[in-house]
Amino acid sequence: EAAHDPYAARTVIYALLADPGTEAREIQFVVLRRSADNGEFESMLQLLPMTDTLPHEHRLPLVEIAIPALRRLSGEQYTAFKENVGRMVRADQTIDLREWILQRLVFHHLEPHFNPGRRADKTALGPAPFRDHSEMLLSCLAHIGHTDQSEATHAFDTGAAVMVESPSTKLAMAIRGRERCTLQTLDEALEALRGTRPKQKRLLLQACADCVTADQKTTAHELEVLRVISDSLDAPTVSYTHLR
């Protein structure tokens, strides 16, 4: 019910952003209490028992339910909401994968609505830039799913094989080091790859899906990142069984 109301939908997002760690959560609460509208902070506290016990696979669907309501905010309300999300994410001086996923999904859908002129134009990529950004994207995805280097390399190579075997795109690719695969470089790769052609996007999404399923199992974070990749590329949601 809260996700369908513009005012309460903001508090749903705040509750989903609440860090599972007690110390980090307290820092977030101090920051939000200072900047939230009257009653907004208390509303979020009422939702926490539900969002804290929400199954992981239901988090992004809940965000999707909230987005149409958030589009009904005024421009001023949206600006305040965006600033509050940023404050919560940065409260402990770090941005973790959970926060990155939620923040990117929310604002990928809201920014074009509230600030249509600010979104960068899609610029077509040549073969070399397409390879470089695809390589970084697959590397980040492989490292997100695997702490073991050999397993990450196997996942990367499985995804990259799709690019090499494609009749139209034969790319020699190698996994990037874990230290280079940051959330910032992942953001940069996704923004650059928005300019790829539909056929390239389908190929890239297939490579990502194969990377994730290389070990015959997927983590919740892998699935969420895959969803965010699909959204960021303005491409159809990945379906492992029907993508090919």
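**Exercise 1.** How many of the 15 residues of helix 10 are buried?

*Solution.* This is a predicted model, in which local features need pLDDT of at least 70, side-chain atom pairs count only at pLDDT 80 or more, and totals for chains, interfaces and linings use all residues. Residues are numbered from 1 along each chain as its sequence is written, and side-chain values use heavy atoms, with hydrogens and water left out.

Step 1. Helices are DSSP runs of H or I with at least four residues, numbered from the N terminus. Buried means under 20% relative accessible area (1.4 Å probe, protein chains only).

Step 2. Twelve of the 15 residues are buried, so helix 10 is largely enclosed by the rest of the structure. Among them are Q200, L203, C208 and V212.

Step 3. These buried residues pack against helix 7 (127-145), helix 8 (149-165), helix 9 (183-193) and helix 11 (220-232), where contact means heavy atoms within 4.5 Å.

**Exercise 2.** Determine where D19 is found and which residues D19 touches.

*Solution.* Step 1. D19 is found in the loop between helix 1 (6-17) and helix 2 (22-35).

Step 2. Its relative accessibility is 10%, so D19 counts as buried.

Step 3. Leaving aside residues up to four places away in sequence, D19 touches A24, R25, Q28, D92, D96, R98 and E99.

**Exercise 3.** Over which residues does pLDDT stay under 50?

*Solution.* Step 1. pLDDT is the predictor's confidence in each residue, from 0 to 100. The protein has a mean pLDDT of 90.

Step 2. The residues in question are 239-244. Where pLDDT is low, the predicted coordinates should not be read in detail.

Notes
Helix = DSSP H or I, 4+ residues; strand = E, 2+ residues; numbered from the N terminus. Buried < 20%, exposed > 50% of the residue type's maximum accessible area, 1.4 Å probe, protein only.
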